Amino acid sequence: MIVLNIQSDDRGQLETAAELILKEKLAIDVNIQSNTERFAYSAGQLERRKHHVLRARTKALLFPLIERRLREHFGGNMPELFSVPIVHMD
């Protein structure tokens with residue numbers, strides 16, 4: 001199992017992604033957190049931005065299919081996508 005993370009400045013994009021992966025039964029459930037703050041250094045300056053995070057539990061083997069479906073749908077406007085393994089779960 002993994003936690004799929006999809007991040008975007010556009011909440012609507014994450015809602016579309018959630019609907020896509022849930023309709024195709026590519027995830028067990030989805031949570032969207034809005035207005036989280038992201039800090040990064042850019043050109044020697046601290047940059048602070050608000051963005052949205054989608055988290056979903058799914059099987060690791062489904063990651064390539066999820067990535068492909070999202071790329072087909074969003075094309076060049078692909079949100080940030082990565083996963084984290086679930087080590088312990090009851």
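## A pair on helix 2

The model here is a predicted one. Side chains of opposite charge can pair when their charged atoms come close. Why is the spacing along the chain worth a look? R71 and E67 are four residues apart in helix 2, so about one helical turn separates them.

## The overall layout

Now zoom out. The protein chain has two helices and four strands, and starting from the N terminus the elements go β-α-β-β-α-β. The C-alpha trace spans about 40 × 30 × 20 Å along its principal axes.

How much of the chain is buried? Of its 90 residues, 31% count as buried. The protein chain exposes about 5,900 Å², and 50% of that comes from carbon and sulfur atoms. Here's another way to look at the fold: take the contacts between residues at least 6 apart in sequence, and 64% of them join residues at least 24 apart.

In what order do the strands line up? The four strands form an open sheet in the order 2-3-1-4, with antiparallel pairing. Strand 2 (29–42) and strand 4 are the edge strands, each pairing on one side only. On average, neighbouring strands of this sheet are turned by 30 degrees against each other, ignoring direction. Strands of a sheet pair through backbone hydrogen bonds, either parallel or antiparallel.

## How the helices lie

Where do the helices go? Helix 1 (residues 11–23) lies across strand 1 (2–8), strand 2 and strand 3, and runs at about 140 degrees to strand 2.

## A network of charges

How many salt bridges turn up in the whole structure? A search finds 10. One of them joins D9 and R49, with the closest N and O atoms 3.2 Å apart. This pair links distant parts of the chain: D9 is in the loop between strand 1 and helix 1, while R49 is in strand 3, 40 residues apart.

R49 also forms a salt bridge with E47, and here the closest N and O atoms are 3.7 Å apart. That puts D9, E47 and R49 together in a network of salt bridges. What about their accessibility? D9 is partly exposed, with a relative accessible area of 49%. R49 is partly exposed at 33%, and E47 counts as partly exposed at 32%.

## A nonpolar patch

Charges aside, which residues make the nonpolar surface patch? M1, I28 and M89 do, and the patch covers about 290 Å². M89 is in the segment after strand 4 (80–85). With a relative accessible area of 47%, M89 is partly exposed, so it passes the cut-off of over 30% that patch residues need.

Methods
Residues are numbered from 1 along each chain as its sequence is written. This is a predicted model: local features need pLDDT of at least 70, side-chain atom pairs count only at pLDDT 80 or more; totals for chains, interfaces and linings use all residues. Side-chain values use heavy atoms; hydrogens and water are left out. Patches are made of residues with over 30% relative accessible area and no salt bridge: like charges are joined within 9 Å, nonpolar side chains (Val, Leu, Ile, Met, Phe, Trp, Tyr) within 5 Å. Accessible areas come from the Shrake-Rupley method with a 1.4 Å probe; for residues, only the protein chains shown count as cover. A salt bridge is a side-chain nitrogen of Lys or Arg within 4 Å of a carboxyl oxygen of Asp or Glu. Buried means under 20% relative accessible area, exposed over 50%, partly exposed in between (1.4 Å probe, protein chains only). Two strands pair if DSSP finds at least two bridges between them. Axes are lines fitted to C-alpha atoms, for helices over the stretch in contact, and angles run from 0 to 180 degrees between N-to-C directions. Contact means heavy atoms within 4.5 Å.
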